[in-house]
Amino acid sequence: MMDGLNSVASAYSPPFRIVAKYFVATIISFVVLNLMLVLNYLDISGHHFQPKILSITHIATLGFITMIIFGAMFQLVPVVLEVKLFSIILAEIQFWIFSAGVVLLVYKFWNFGSGLSFTLPAILLNIAMLIFSINIIASMVKVKSWNITGTYLASSIFWLLTTAVAGLLLSINLDTPFIKISHLQYLKLHVITAFIGWVTMVVMGVSFKLIPMFILSHDYKLNLAKWAVILINIGLLGVNWIMHYPDTEFYNTFFGSLIFIGMLLYLVQITIVFKKRIRKKPDIGLKFTSVALIILSITAVLNFSFLFFNYENVINLTLVYGIIFLIGFASMLIIGQMYKIVPFLVWYHKYSSKVGIEKVPMLKDMFNETLAEYQFYMMIAGLIISVIALSFQIQILLLTGFSILFISSIIFALNMIKIFRS
Amino acid sequence: MTGTITKEKITDILRTVIDPEIGINIVDLGLVYDINIIENQVDVTMTLTTPGCPMHNSITTWAQRVIEMTIPDVKVNVKLVWEPRWTPDKMSEDAKLQLGM
């Protein structure tokens, strides 16, 4: 009787094998990313425009962060917006094109002088991102009841494509210079749209759906969330437009401030959601998430401060910012959410048909929570040590920090394997 | 059969249905709104903590199956409703304690 119910999860979720591919690739990328940090700690110093740093940044932003966002979006968009994914085949094709693009781009940055062109991986990545955008937008147009998460996700897709096109132009420029403004100025635009428009916007949008569900939050309004998305979008559009012209410091500060205010409004909004929680005891997923959101406030302040001085003149400051954003905010948040989502996905795939017939595990029993706690504290320690080491240029301390982060990534991978095998 | 099925019995059976994410049974969470028994037909009206919860059909299927498995020849219908919306005050004291309230 109930098995025939047209429920949200069963009717709209894509097949496990599709989403699982993205999640497995994410876990592999995360370990590789941390290994690359350890192996190249001597190269991680000075200006950010260096082959090894660009290679590591792209395995982080594409192989790890974007990969998991793709996988999570295929799972979440149908559930959150109550629509069926437009095409499962496109999601499958996209995975292989995107993975090939990531591997080739990371390889090419690593071996800057190799014969491979920058444009080929960039084209592959653009195709994959275009397929993703078409798939999600074609799913979204069928939505009957729109919500704030949908607005954030739609905005983030626009910024993903902007980032991708900017990346393509930069890659062509590396092969054959043609961009009129400086390459580094254009790179800044690429980074701003990627970090704020794509990654942060997705996180913000999804957080309004997932966090209240995990912490059982009730009786709050999302008015600030609406203003946040408007201000951040206007700010990003302004910064993208202004950056093409010389002597636009005032406008740059104005639009940058809009982004900052938008991020502050988001942080106030999510604090309100947390304050209204019923589930007071935080589990490991929530601990990661909470720390990540605190770190987001640090990155917001850093973003804002960058409007007022030439941060590239401060040794290692952009690297410190990159580590705080990628390892502190994005990785901590993603790992926290993966400790919630991956057990659910595997549980739903393996056990949902067995409920009521045989004993099924609780989600938190599917991984080793003590190990996850160790990972949590190691990541915080590794992050703090790495930031101190970069700030004061102490190489041996940087190796220590990266090694701790690498061990923590192994613990994470072991825990994820345990979930998939449970 | 009718004489042996009581609301209390069904409630006790439903206590074995545990939200896999929260780790608390659906009765103590206050998710079961109504149990109606007419002869060998059991109608359960329940909700979930969040609309659009991805555990949706797993929990309702679990509730239906566990009653059917425990009481032979019973017909079970589990109806999921979103009104009235679930609120924390529907939880038992035990559940509140477990959540750290």
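How many residues of chain A are in contact with chain B, and how many of chain B with chain A?

## The two chains

In this predicted model, local features need pLDDT of at least 70 and side-chain atom pairs count only at pLDDT 80 or more, while totals for chains, interfaces and linings use all residues. Residues are numbered from 1 along each chain as its sequence is written, and chains are lettered from A and ligands numbered from 1 in the order in which they are written.

Contacts join 30 residues of chain A to 27 residues of chain B (contact: C-beta atoms, placed from the backbone, within 7 Å). On the chain A side, helix 1 (8-12), helix 3 (51-81), helix 7 (183-215) and helix 11 (317-351) each supply at least two residues (helices: DSSP runs of H or I, at least four residues, numbered from the N terminus).

## Helices 7 and 11 of chain A

Helix 7 and helix 11 of chain A pack at about 35°, with axes 12 Å apart (axes: lines fitted to C-alpha atoms over the stretch in contact; angles run from 0 to 180 degrees between N-to-C directions). Helix 7 of chain A contributes A:Phe195, A:Val199, A:Val203, A:Leu210 and A:Phe214 to the contact, and helix 11 of chain A contributes A:Phe325, A:Ala330, A:Leu333, A:Gln337 and A:Lys340.

## The nonpolar core

The largest nonpolar core has 160 residues (core: buried Ala, Val, Leu, Ile, Met, Phe, Trp, Tyr and Cys residues joined through C-beta atoms within 7 Å; buried: 20 or more other C-beta atoms within 10 Å of the residue's own). Helix 11 of chain A gives this core its largest share, 21 residues.

B:Ala63 is among the residues that touch the most other members. Leaving out residues up to four places away in sequence, B:Ala63 touches B:Leu14, B:Val17, B:Ile26, B:Val44, B:Met46 and B:Val78.

Technical notes. Contact = placed C-beta atoms within 7 Å. Buried ≥ 20, exposed ≤ 12 C-beta atoms within 10 Å, placed from the backbone.
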